[in-house]
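I opened a new notebook page for this chain. My plan is to look things up one at a time and write down what I find.

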Amino acid sequence: MASVRSTVGGRVFPARVEGREEARAEYQEAVRAGRTAAHVQLSARHANLFTVALHVAARDKAAFTLSYEQLLAREHGRYRLRLLLDPGQVVQRLLVEARIRDSAPLALVRVAKLRAADSEVDAAAEAPDDPLATVQRPSPTEALVRWEAGEEAQRGLATGDGLRGLLEVRLSRLLPLFNIQTFTNPPKRVDFK
């Protein structure tokens, strides 16, 4: 995890790292006292699964920013960035941004339609694009993916109390072409003395 910060009521609260139990106890104490508080917990099993709890006063505007770097594995000639979205309730504006940088030019950057979090999809299969997503290409090696859902869109996607789904960005790189020479005659033997 590179950085974590909360912005509540225009004030920015950078995160600090503490032990698991100390952090949870401090968060729970702040909630009991009615103070603004946030708690981020990294999954013990999955290095890229974060649980975020944010406690704010009613009608207060809050934004949560979590930045991290992830090495993507190649599957069927493509790379996939998977983001589990589960805010636990409908929020005024749910925005996810992914900034992608690579050393090679990106050939394709697509965002598959949000799907059920527990569904398995064949990595080689094409999925329809998500209408809530936009992709900007500031340079051949960069992409900015934005997925945004207002309250109405979240209710349309919700199961139960709120939206829960898997957002998947699919990428492919332009690979360099190699010149391959074929010989119709076998090479002559050369002896070195």
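Is Arg 164 buried, partly exposed or exposed? I looked this up before anything else, keeping in mind that the model is predicted. Arg 164 has a relative accessible area of 41%. Buried would need under 20% and exposed over 50%, so Arg 164 counts as partly exposed.

**Entry: around Arg 164**

I placed Arg 164 in the loop between α2 (151-157) and β12 (165-173). Next I listed what Arg 164 touches, leaving out residues up to four places away in sequence. The list is Leu 84, Leu 85, Asp 86, Ala 117 and Thr 159. I followed up two of these names. The side chain of Arg 164 makes a polar contact with the side chain of Asp 86, at 2.9 Å. Ala 117 is 47 residues from Arg 164 along the chain, yet their C-alpha atoms are separated by 6.4 Å.

**Entry: the whole chain**

I then stepped back to the fold. I counted two helices and 12 strands in the protein chain. From the N terminus the order reads β-β-α-β-β-β-β-β-β-β-β-β-α-β. The chain has 193 residues, and 23% of them count as buried. I also checked how far contacts reach along the sequence. Taking contacts between residues at least 6 apart, 66% join residues at least 24 apart.

**Entry: the nonpolar core**

Which residues of the largest nonpolar core touch the most other members? I found 21 residues in this core, and the answer is Leu 85, Ile 100, Val 109, Val 145, Trp 147, Leu 167 and Val 169. The elements that give two or more residues to the core are β7 (78-85), β8 (93-101), β9, β11 (142-150) and β12. I noted a general rule beside this: in soluble globular proteins, nonpolar side chains tend to be buried together.

Beyond its neighbours within four places in sequence, Leu 167 is in contact with Leu 81, Arg 82, Leu 83, Leu 85, Val 96, Val 111, Ala 112, Leu 114, Asp 130 and Trp 147.

**Entry: the cavity**

How many cavities of 30 Å³ or more does the whole structure hold? My search gave one. The volume of the largest cavity is about 50 Å³. Its lining is made of Arg 78, Leu 108, Arg 110, Val 111, Ala 112, Glu 126, Ala 127, Asp 129 and Arg 170. I sorted these residues into four nonpolar, no polar and five charged. Strand β9 (residues 106-115) gives the largest share of the lining, four residues. Val 111 and Ala 112 line the cavity, and both are also in contact with Leu 167.

I moved on to the second largest pocket, which holds about 900 Å³ of space. β1 (3-8), β2 (11-14), α1 (20-32) and β3 (37-42) each give two or more residues to its lining. I counted 30 lining residues, with Ala 15, Arg 16, Ala 38, His 39 and Val 40 nearest the centre. The lining divides into 17 nonpolar, six polar and seven charged residues.

Is Ser 6 buried or exposed? Ser 6 lies in strand β1. Its relative accessibility is 5%, so Ser 6 counts as buried. Setting aside neighbours within four places in sequence, Ser 6 is in contact with Arg 11, Val 12, Phe 13, Ala 38, Leu 54, Ala 63 and Phe 64.

Conventions. Residues numbered from 1 in each chain as written. Predicted model: local features only at pLDDT ≥ 70, side-chain atom pairs only at ≥ 80, totals over all residues. Heavy atoms only, no water. 1 Å grid on protein atoms, 1.4 Å probe; cavity = no way out; pocket = protein on both sides within 12 Å on 5 of 7 lines; lining within 4 Å. Points joined across faces, edges and corners; volume = space filled by probe spheres on them. Nonpolar A, V, L, I, M, F, W, Y, C, P; charged D, E, K, R; others polar. Buried < 20%, exposed > 50% of the residue type's maximum accessible area, 1.4 Å probe, protein only. Contact = heavy atoms within 4.5 Å. Polar contact = N/O pair within 3.5 Å; in protein donor to acceptor, adjacent residues only side chain to side chain. Core = buried A, V, L, I, M, F, W, Y, C linked by side-chain atoms within 4.5 Å.
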